[in-house]
Amino acid sequence: MSRVNNPAHYGGAQNRYEAIKVIDAWRCNFNTGNSYKYMARGGLKLSADLDAQAKLREDIEKARWYLAHQLERLHEGCLTALTAQPIIVPIGYSFDEVMVGARLNSKLAPAFLACFNQCSAHKVEAGLDSIETFLGGLL
């Protein structure tokens, strides 16, 4: 396993739910793709200056930042063209399959759903709420 391609904290090359594979399958934009990545890998990448709990918090805060930026862009009307594009999700990458297969934290399900439905301001707002609740539980 390479430190550049498929390192352990990414889930490895054999992991069908590796973050980049889900991001590609869901056709996430930059904001929702990064948000998904930070939530899916939250706390898994080792840090010399942070313990596991602090690293998880930092990663989820990064995910929150990207979702908040997505919401700003939606409210500005910058992303409306995307809503006209139907998203056809490849087999094995439905929302429910990824939540189970990638063993994602169910407390963040609304935030993951916001990444899946990236053009819905309502879903992004609900996702941000779930992140706030999750972070509040880490105190």
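Analyst: Start with Glu58, which counts as partly exposed at 28% relative accessibility. On this scale, buried means under 20% relative accessible area, exposed means over 50%, and partly exposed lies in between (1.4 Å probe, protein chains only).

A word on the ground rules. This is a predicted model, in which local features need pLDDT of at least 70 and side-chain atom pairs count only at pLDDT 80 or more, while totals for chains, interfaces and linings use all residues. Residues are numbered from 1 along each chain as its sequence is written, and side-chain values use heavy atoms, with hydrogens and water left out.

Now the partner of Glu58. Its side chain meets that of Lys62 in a salt bridge, at 3.9 Å from N to O. The term salt bridge stands for a side-chain nitrogen of Lys or Arg within 4 Å of a carboxyl oxygen of Asp or Glu. Side chains of opposite charge can pair when their charged atoms come close. Lys62 and Glu58 are separated by about one helical turn, because they sit 4 residues apart in helix H3. Helices here are DSSP runs of H or I with at least four residues, numbered from the N terminus. Lys62 is partly exposed, at 30% relative accessibility.

Lys55 and Asp59 form a salt bridge, 3.2 Å from N to O. They are 4 residues apart in helix H3, so about one helical turn separates them. Both Lys55 and Asp59 are buried.

Further along, Arg73 forms a salt bridge with Glu76, with the closest N and O atoms 3.8 Å apart. Arg73 is partly exposed, with a relative accessible area of 30%. Glu76 counts as exposed, at 52% relative accessibility. Salt bridges that share partners join Lys55, Glu58, Asp59 and Lys62 into one network. The structure holds 7 salt bridges.

Glu61 also has its place in helix H3, which covers residues 52-76. Its relative accessible area of 32% makes Glu61 partly exposed. Glu61 and Gly42 are 19 residues apart in sequence, yet 9.7 Å apart in space, C-alpha to C-alpha.

Next, the packing. H2 and H3 pack at an angle of about 160 degrees, with their axes 8 Å apart. That makes H2 roughly antiparallel to H3. Axes are lines fitted to C-alpha atoms, for helices over the stretch in contact, and angles run from 0 to 180 degrees between N-to-C directions. Angles under 35 degrees count as roughly parallel, over 145 as roughly antiparallel, 65 to 115 as roughly perpendicular, and the rest as oblique.

Which residues meet? From H2 come Phe30, Asn31, Thr32, Asn34, Ser35, Tyr38 and Met39; they meet H3 residues including Asp59, Lys62 and Arg73. Contact means heavy atoms within 4.5 Å. The residues of this contact of H2 with H3 divide into 7 nonpolar, 6 polar and 3 charged. Ala, Val, Leu, Ile, Met, Phe, Trp, Tyr, Cys and Pro count as nonpolar, Asp, Glu, Lys and Arg as charged, and the others, Gly among them, as polar.

H2 (residues 30-40) also packs with helix H5 (residues 109-116), at an angle of about 150 degrees. Here Thr32, Ser35, Tyr36, Met39 and Ala40 in H2 meet Ala111, Phe112, Ala114 and Cys115 in H5. The contact of H2 with H5 holds 7 nonpolar residues, 2 polar and no charged.

Conventions:
Helix = DSSP H or I, 4+ residues; strand = E, 2+ residues; numbered from the N terminus.
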